[in-house]
Amino acid sequence: MIDRLTVSTQGPGLYEFTLQARRFVSEAGMSEGLLTVFVRHTSCSLIVQENADPDVQADLQAFFSRLVPPASDPSMSWIRHDTEGPDDMPAHIKAALTQTSIGIPVSGGEMLLGTWQGLYLFEHRDRPHQRQVVLHLGG
């Protein structure tokens, strides 16, 4: 079973879509399997992260901003790819450091996420985007 989600972003940050994934798994009616989540872009990524304390998300975003600043930062003068602006190549680097696909076991018709785990699209670009996430449940 396959479905596609559109995640609307408003700039850098974490956008949770755990509920949509749960709904997909529930409606699929499959008791056991593996949910594969894949994002169809090269300047955002997917992460499983805590969904209880928003400070975790803020700290994670701040860390990646310090780790990979915009191309306009003097420390990033080595960057050549800036076709879409100073956030272009840094977004690709952040996506390369994280992941574009996640596998989540399904048992009893539910994703086996931990108590505080949520699924997030991690937007690395400055401007709003419509991101496509593919959900595939196999048994």
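This is a predicted model: local features need pLDDT of at least 70, side-chain atom pairs count only at pLDDT 80 or more; totals for chains, interfaces and linings use all residues.
Colleague: Fine. Why is L137 called buried?

Modeller: The cut-off is under 20%, and L137 has a relative accessible area of 1%, so L137 counts as buried.

Colleague: Where is L137, and what is in contact with it?

Modeller: L137 belongs to strand β8. Setting aside neighbours within four places in sequence, its contacts are M1, F24, V25, A28, M30, L34, L35 and V106.

Colleague: What makes those residues contacts?

Modeller: Contact means heavy atoms within 4.5 Å. Each residue I named for L137 meets that.

Colleague: Which sheet holds β8, and what is the strand order?

Modeller: The order is β1-β8-β3-β5-β6, an open sheet of five strands with antiparallel pairing.

Colleague: What makes β1 and β6 edge strands?

Modeller: β1 and β6 (110-111) each have a single partner strand, so one side of each has no neighbour in the sheet.

Colleague: How do you know that β5 and β6 count as a pair?

Modeller: Pairing takes at least two bridges between the strands. β5 and β6 have two bridges, in the antiparallel sense, so they qualify. On that stretch, S107 is opposite E110 in β6.

Colleague: Which helix lies across this sheet?

Modeller: That's α1, lying across β1, β3, β5, β6 and β8 and running at about 35° to β8.

Colleague: What is in the largest nonpolar core?

Modeller: It has 22 residues, and F17, L35, M111 and V133 have the most contacts inside it. Two or more residues come from each of β1 (2-9), α1 (18-28), β3 (33-39), β4, β5 (101-107), β7 and β8 (129-138). As for V133, its contacts beyond four places in sequence are D3, R4, L5, V7, F17, V37, F38, V39 and L121.

Colleague: Why would nonpolar side chains gather like that?

Modeller: In soluble globular proteins, they tend to be buried together.

Colleague: On to the other sheet. What is its order?

Modeller: β2-β7-β4, an open sheet of three strands, again with antiparallel pairing. Its edge strands are β2 (13-16) and β4 (44-50), each pairing on one side only. The twist from one strand to the next averages 40°.

Colleague: How do you know that the span of α2 agrees with what its 14 residues should give?

Modeller: At 1.5 Å a residue, those 14 residues should span 20 Å, and the end C-alpha atoms are 20 Å apart, so the two agree.

Colleague: Which residues of α2 are buried, and which are exposed?

Modeller: Q57, L60 and F64 are buried in α2. They cover an arc of only 65° around the axis, which means they sit on the same side of α2. On the other side, P54, D59 and R66 are exposed. The buried ones pack against β2, β4, α3 (88-97) and β7.

Notes. Residues are numbered from 1 along each chain as its sequence is written. Side-chain values use heavy atoms; hydrogens and water are left out. Helices (H or I, at least four residues) and strands (E, at least two) are DSSP runs, numbered from the N terminus. Axes are lines fitted to C-alpha atoms, for helices over the stretch in contact, and angles run from 0 to 180 degrees between N-to-C directions. A nonpolar core is a set of buried Ala, Val, Leu, Ile, Met, Phe, Trp, Tyr and Cys residues joined through side-chain atoms within 4.5 Å. Buried means under 20% relative accessible area, exposed over 50%, partly exposed in between (1.4 Å probe, protein chains only). The expected span of a helix is 1.5 Å times one less than its number of residues. The arc is that of the directions from the helix axis to the C-beta atoms.
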